[in-house]
Amino acid sequence: MAKTIQAIRGMNDCLPQDTPLWQWLEAVVRRVLTSYGYSEIRMPIVESTPLFKRAIGEVTDVVEKEMFTFDDRDNESLTLRPEGTAGCVRAGIEHGLLYNQEQRLWYMGPMFRYERPQKGRYRQFHQIGVEVFGIAQAEIDAELILLTARLWKALGIADHVSLQLNSIGSLEARHNYRQALVDFLQNHLAILDDDCKRRLTTNPLRILDTKNAQIQAVLNDAPKLHDYLDDDSKQHFARLCAILDQMGITYEINQKLVRGLDYYNKTVFEWVTTALGAQGTVCGGGRYDGLVEQLGGHATSGVGFAMGVERLILLVQEVNQSLSLPAAVDIYVVHSGEQATLQAFNVAEQLRAVCPQKNVMLHCSGGNFKKQFKRADKSGAVFAVVIGEEEVQNGQLVVKDLLGRTQQQTLPTAEAIRFLAQNV
Ligand code: ATP
Ligand code: MG
């Protein structure tokens, strides 16, 4: 036998036994987003590399070490998108969706990051992202958070996620704070690990969310970003918190939450869980009022978030006990004999017409009834329809309850179809 070829490390197949859960989750999310008046946008998976460098920032983890970048045949540098915001902004500018307009957009699809694969962290993973353009007010930040809270309820995970919130202020405020933080950390160089030492010159704010407990302890005495915020950001944050309080959304203000991408300002937030070990962030986002202009558009406010679908799936599997997914097959049609097979095609088509929400599988691989019933059981169907020569001659169908809840019945064809339509 030839040597088999395997999937690329960190890039997973979603197998048939798992797709019903994915489809359910996607449908729930689509419904909730649509119910808030958001529209779907679909962007390419590959974009030109400078887009991400400019949007995300040259000295972020994502751009420095996580991008899948390659040259195409014309030596243009392309990148498999590591996130959706940059491409969404690019598309918005390119198609004139942003200038002087309000847009509430969402997308879902694969993202790519060259990371060390582990539970909840993959090289190809999926995000559902939401981006709102043209609204500067804190009301929209609040709407996004309310929307996510509704989503967690609909997914049955609301009791297992909590909201972390912060404001990182204007670029200028962050600049001032950055200097104060660096000055403070210069006095604690001895305890910084290599990663943090590197970040001290490249991206010092990221040191705030180090996992290193010793450094975290020292950071408790570091200057607080909140004390450096500009008035506009302070007011914006106060307004957001007031709406969330009013709407009964609980949150924790986490002064160390800064998020990994360069484009954020003012509001940043994360929904985190303790149920998934180290990969605890299921959703993260914030405001990025400078990004559109930075990418060549007219100045336009922006705010958005992205959630990791794999982590949400893991969380649903972990905590949502009441989830029951629709069966792949509801009715399995078995048959034996030339005429019976033709009649089976007819009956299966009629059933699909009468109950379009139900799933009807027609046996197609021959064999005796015993083999066919084995397949029917394996399919998960709750009813089998049986057609032999005798049934064809009498214009009847046998309806067999595969779960044994009701007696097997032989009914005239039309009546049997009616029975199934009502009872499946
Ligand atoms: P983390 O700190 O876990 O690396 P991040 O800050 O890099 O997350 P974002 O860029 O904010 O993540 O992406 C939003 C969400 O996408 C994350 O909260 C997470 O749920 C998911 N996500 C990010 N990277 C991965 C990955 N490699 N595999 C699976 N999900 C991911
Ligand atoms: Mg990351």
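Student: Where does Thr-85 sit?
Tutor: This is a predicted model. In it, Thr-85 belongs to helix α4, which runs over residues 85–94.
Student: Is Thr-85 buried or exposed?
Tutor: Thr-85 is buried, because its relative accessibility is 8% and buried means under 20%.
Student: Which residues does the UniProt "binding site" annotation cover?
Tutor: The unreviewed UniProt entry lists Glu-83, Gly-84, Thr-85, Arg-113, Gln-127, Glu-131, Arg-259, Tyr-263 and Tyr-264. Of these residues, Arg-259, Tyr-263 and Tyr-264 are in the lining of the second largest pocket.
Student: OK, that pocket. What volume does the second largest pocket have?
Tutor: About 590 Å³. The second largest pocket has 27 lining residues. Nearest its centre are Leu-171, Arg-174, Asp-262, Tyr-263 and Tyr-264.
Student: Which element gives the most to that lining?
Tutor: Helix α6 does, with four residues. The elements giving two or more residues are α2 (49–56), α6 (171–186) and α10 (291–294).
Student: New topic. Which residues make the nonpolar surface patch?
Tutor: Ile-45, Val-46 and Phe-70 make that patch, and its area is about 210 Å². Phe-70 lies in strand β3, residues 68–71.
Student: Last one. What domain does UniProt place at residues 25–326?
Tutor: The unreviewed entry gives "Aminoacyl-transfer RNA synthetases class-II family profile". That span, residues 25–326, is 38% helix and 21% strand, and its end C-alpha atoms lie 13 Å apart.

Note on methods. Residues numbered from 1 in each chain as written. Chains lettered and ligands numbered in written order. Predicted model: local features only at pLDDT ≥ 70, side-chain atom pairs only at ≥ 80, totals over all residues. Heavy atoms only, no water. UniProt positions renumbered as here; feature names shortened; annotations may be inferred. Patch = residues over 30% accessible without salt bridge, like charges linked within 9 Å, V, L, I, M, F, W, Y side chains within 5 Å. Areas by Shrake-Rupley, 256 points an atom, 1.4 Å probe, with all protein chains shown as cover. Salt bridge = Lys/Arg side-chain N within 4 Å of Asp/Glu carboxyl O. 1 Å grid on protein atoms, 1.4 Å probe; cavity = no way out; pocket = protein on both sides within 12 Å on 5 of 7 lines; lining within 4 Å. Points joined across faces, edges and corners; volume = space filled by probe spheres on them. Buried < 20%, exposed > 50% of the residue type's maximum accessible area, 1.4 Å probe, protein only.
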